[in-house]
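Here is a short report for a reader meeting this structure for the first time. Please look over the sequence and the model before reading on.

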Amino acid sequence: MAIENPASPQAPVETTVHPAPALRRERQLATYRRATKVLPGGTNSNFRAWGERTVYVDRGKGGRVWDLDGNEFIDLRMGYGPVILGHADPRVDDAVNERMRRGVSFSLTSEDEIRAMELVTELTFCEMARMTVSGTEATMHAIRVARGFTGRDKIVKFEGQYHGVHDYALISVLPNDVSALGDRENPVRLAWGRGIPRAIVDTVIPVPYNDLATLRHVFEREGEQIAAVLIEPVLGNAQGILPRPGFLAGVRAITREFGALLIFDEVKTGFRFARGGAAEYFEVTPDLATYAKAMGNGYPAAAFGGRRDVMSVLPEHVSHGGTYAGNRVAAAAAVATLTILKETDALETIWRTGEAIQRGLDEVLSRRGVPHVFTGHPAMFGVMFAETMPADYRGWAETDHELYDAVAASMIRRGAMPEPDSREPWFVCEAHAADDSVDRVVEIFGAALDEALGARARGS
Ligand SMILES: Cc1ncc(COP(=O)(O)O)c(C=O)c1O
């Protein structure tokens with residue numbers, strides 16, 4: 001529900017708050033002009049192309065990041081999630097450095113790759129797993145394995161979920177205008193951008209998240225053609241909207257009933273929500289899962305894995321390969337990172353830190369009478385300005401995301417960097433516990449909120 005009057009009469013909005021000073025941007029603006037001559041949008045990813053506000057990074061250390069103009073930020077993006085321990089963590093970097101001096105790419109298998117996948121199987125439900133370089137490749141291969149195992153072609157996915165940039169799930173992802181998703185009982189298959197063949201779009205069935213009735217309806221209509229349900233256990237690209245009680249178990253039951261596989265996309269949640277990822281956290285076991293981000297502390301390590309009988313369609317019957325799959329750098333990073341996550345209390349530290357930030361934000365918001373809900377998990381959470389938690393991506397549009405965007409923009413000017421888009425959650429790393437990040441983030445959030453509320457009260 002949009003917030004008409006966000007400040008309660010008891011807690012009048014502070015209108016005297018000064019706007020945050022402008023950031024130094026000269027060098028980055030010059031870099032943007034240089035970059036746009038050779039890179040479309042001036043970056044290597046559409047998601048980082050923010051026009052003249054595009055950030056060009058110099059370095060990161062722990063939970064902080066510095067841009068090319070020397071502005072320092074508490075990093076709440078952490079590279080969209082992978083940097084779970086902190087930037088430039090010597091425990092991982094030294095291990096990678098030591099291993100890479102032996103050569104990085106052989107298209108032969110190293111012991112590091114085996115150890116990395118042993119760790120994946122020790123930590124998760126997976127009995128077998130294979131490495132890829134990105135989350136995109138992991139979900140692409142998991143889909144192919146599911147199709148190869150079941151002999152069926154169609155995939156069910158949920159609106160508002162992003163599974164990487166291959167064609168096979170780039171449907172009904174993140175439209176700004178949710179009416180483009182069509183009727184909720186019979187959603188439109190909305191391709192994200194041009195270039196996705198119609199024949200592929202026709203293999204994907206989008207369903208609203210948290211909607212078991214529509215899912216059942218889809219299976220009753222065409223269940224014998226559905227190879228798998230591909231689901232990120234939370235709506236990671238809508239601030240981590242949570243499954244309703246029984247939703248994931250319901251999806252599990254429906255897939256079993258109709259002989260389809262269940263794939264958890266744990267690219268964001270894996271090794272973060274729990275050592276065994278969201279499957280452990282929500283106590284629902286899929287048939288296949290994909291992992292990336294947190295498994296390599298920022299190095300390009302990823303994997304897909306699952307039940308032994310399902311994964312055993314490889315290598316005979318289903319294609320999977322990649323010159324860089326299991327490369328030394330990624331494998332060494334995965335071994336070092338997963339060993340730390342397994343053997344230390346890094347995750348507990350991250351969860352406590354996230355909870356402390358949430359407590360601080362809750363106090364700030366409650367004092368000002370702003371309705372809010374926390375989504376996701378303390379290690380990866382969103383704060384939505386709404387009375388109740390939305391159930392699905394369509395519900396995100398009903399929240400006061402304009403207020404959020406204004407707060408995020410002001411936070412960045414004040415030295416803490418969440419994603420400027422209200423759909424991306426905040427990511428907490430282990431290093432955020434090691435300095436004054438928690439207090440600073442809460443203080444910056446409070447000042448940014450006052451600025452945004454003040455501007456709204458003045459109608460500016
Ligand atoms: C849930 C999910 N799946 C897949 C991907 C794609 O991973 P990558 O960017 O490594 O290709 C992402 C990336 O953000 C993601 O959040």
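## The model

This is a predicted model. Keep that in mind throughout.

## The seven-stranded sheet

Seven strands make up an open sheet. Their order is β4-β10-β9-β8-β7-β5-β6, and the pairing is mixed. At the edges sit β4 (128-132) and β6 (204-207), each of which pairs on one side only. On average, neighbouring strands of this sheet are turned by 20 degrees against each other, direction ignored.

One pairing can be followed in detail. Strand β8 (residues 261-266) and strand β9 (residues 288-291) are parallel, with four bridges between them. In general, strands of a sheet pair through backbone hydrogen bonds, parallel or antiparallel.

## Helices across the sheet

Helix α4 (residues 135-150) lies across β4, β5 (154-158), β7 (226-231), β8, β9 and β10. It runs at about 165 degrees to β9. Helix α3 (residues 111-123) lies across β4, β9 and β10 (302-306). Its angle to β4 is about 125 degrees.

Helix α3 also packs against helix α10 (residues 328-343). The angle between the two is about 35 degrees, and their axes are 8 Å apart. The crossing is left-handed. From α3, the contact takes in D112, E113, R115, A116, L119, E122 and L123. From α10 come R328, A331, A332, A334, V335, L338, T339 and K342. By type, the contact residues are eight nonpolar, one polar and six charged.

## The ligand shell

Which residues come nearest to the ligand? They are S134, G135, T136, G164 and V267, out of 14 residues around the ligand. Helix α4 gives the largest share of the shell, with three residues. By type, the shell has four nonpolar, seven polar and three charged residues.

## A closer look at T139

T139 belongs to helix α4. Is T139 buried or exposed? T139 has 30 C-beta neighbours inside 10 Å, so T139 counts as buried; the cut-off for buried is 20 or more.

What does T139 touch, leaving aside residues up to four places away in sequence? The contacts are H163, G164, A169, L230, D265 and T290. G164 is also among the residues that come nearest to the ligand. P187 gives a contrasting pair: 48 residues separate T139 and P187 along the chain, and their C-alpha atoms are 22 Å apart.

Strand β12 (residues 380-384) is largely enclosed by the rest of the structure, because five of its five residues are buried. M380, G382 and M384 point one way from β12. F381 and V383 point the other way. All of these residues are buried.

β12 pairs with strand β11 (residues 373-377) through five bridges, and the two run antiparallel. V373 stands opposite M384 in this pair. Two residues lie between β11 and β12, which form a hairpin. β12 is also joined to strand β14 (residues 426-427), by two bridges and again in the antiparallel sense. There, F427 in β14 is the bridge partner of M380.

Technical notes:
Residues are numbered from 1 along each chain as its sequence is written. This is a predicted model: local features need pLDDT of at least 70, side-chain atom pairs count only at pLDDT 80 or more; totals for chains, interfaces and linings use all residues. Axes are lines fitted to C-alpha atoms, for helices over the stretch in contact, and angles run from 0 to 180 degrees between N-to-C directions. A crossing is left-handed if the near helix is turned anticlockwise from the far one by less than a right angle, and right-handed if clockwise. Two residues are in contact if their C-beta atoms, placed from the backbone, lie within 7 Å. Ala, Val, Leu, Ile, Met, Phe, Trp, Tyr, Cys and Pro count as nonpolar, Asp, Glu, Lys and Arg as charged, and the others, Gly among them, as polar. A residue is near a molecule or strand if its C-beta atom, placed from the backbone, lies within 6 Å of it. Two strands pair if DSSP finds at least two bridges between them. A residue is buried if 20 or more other C-beta atoms lie within 10 Å of its own, exposed if 12 or fewer, and partly exposed in between; C-beta atoms are placed from the backbone.
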